[in-house]
Amino acid sequence: MKVSNVPFKGTKEQENQLLEVIAKYKDQKGALMPIMQGAQEIYGYLPYQVQKIISDQTGIPIEKIYGVATFYAQFSMSPKGKYVISVCLGTACYVKGSGNVLEEVEKVLGISDGECTADGKFSLETCRCVGACGLAPVMIVGGDVYGKMKPDMVADILAKYE
């Protein structure tokens with residue numbers, strides 16, 4: 001199981017909310033999905049610690065919970081940063097060099113696709129077509145769209161968010 005590089009910061013209040021969700025669904029058939037969806041709403045992602053609580057409270061093996069969490073795209077195993085960076089890998093962007101932009105973002109931040117920086121400031125994700133093909137390649141930082149990206153532009157753009 002890949003462990004996030006961001007320390008888990010769950011609160012007692014969040015744990016109590018999770019226990020309420022588990023109590024609501026635990027005796028129903030097919031309870032795991034709504035419990036996991038509720039947990040992700042509460043915490044924003046499904047770290048090992050949250051999966052363990054679900055397992056302990058429901059008797060569902062943690063391996064099964066992990067399997068569901070990694071199978072469905074709706075679930076995230078890593079927290080989202082204050083600024084979510086999306087690099088478009090759709091056809092137009094990729095042909096115009098978005099793969100190189102992605103490599104540069106990974107190098108500058110020291111994280112890979114799907115990860116979050118240790119300080120919780122940035123998380124990185126790739127996406128397929130943001131609908132701005134005329135601006136290819138495109139990178140989005142916290143909702144701000146940057147077009148006609150080149151790898152040498154990455155560091156200066158990210159510095160704006162420090």
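Reply: Lining residues have an atom within 4 Å of a point. Grid points are joined across faces, edges and corners, and the volume is the space filled by probe spheres set on the points. This is a predicted model, where local features need pLDDT of at least 70, side-chain atom pairs count only at pLDDT 80 or more, and totals for chains, interfaces and linings use all residues. Residues are numbered from 1 along each chain as its sequence is written, and side-chain values use heavy atoms, with hydrogens and water left out.

Me: How many cavities of 30 Å³ or more does the structure hold?

Reply: One. The largest cavity has a volume of about 30 Å³, and its lining is Ser 78, Pro 79, Lys 80, Gly 114, Ser 123, Leu 124 and Glu 125.

Me: What makes a residue in that lining nonpolar, polar or charged?

Reply: Ala, Val, Leu, Ile, Met, Phe, Trp, Tyr, Cys and Pro count as nonpolar, Asp, Glu, Lys and Arg as charged, and the others, Gly among them, as polar. By that rule, the lining of the largest cavity has two nonpolar, three polar and two charged residues.

Me: Why are helix 1 and helix 2 called roughly antiparallel?

Reply: Helices (H or I, at least four residues) are DSSP runs, numbered from the N terminus. Axes are lines fitted to C-alpha atoms over the stretch in contact, with angles from 0 to 180 degrees between N-to-C directions. Under 35 degrees is roughly parallel, over 145 roughly antiparallel, 65 to 115 roughly perpendicular, and the rest oblique. Helix 1 (residues 12-25) and helix 2 (residues 32-43) pack at about 165 degrees, with axes 9 Å apart, so they are roughly antiparallel.

Me: What makes helix 3 and helix 4 oblique?

Reply: Helix 3 (residues 48-58) and helix 4 (residues 62-71) pack at about 130 degrees, with axes 9 Å apart. That angle therefore makes the pair oblique.

Me: How do you know which residues of helix 3 and helix 4 meet?

Reply: Contact means heavy atoms within 4.5 Å. On that basis, Tyr 48, Gln 51, Lys 52, Ile 54 and Ser 55 in helix 3 meet Ile 62, Ile 65 and Tyr 66 in helix 4. The residues of this contact divide into five nonpolar, two polar and one charged.

Notes:
Helix = DSSP H or I, 4+ residues; strand = E, 2+ residues; numbered from the N terminus. 1 Å grid on protein atoms, 1.4 Å probe; cavity = no way out; pocket = protein on both sides within 12 Å on 5 of 7 lines; lining within 4 Å.
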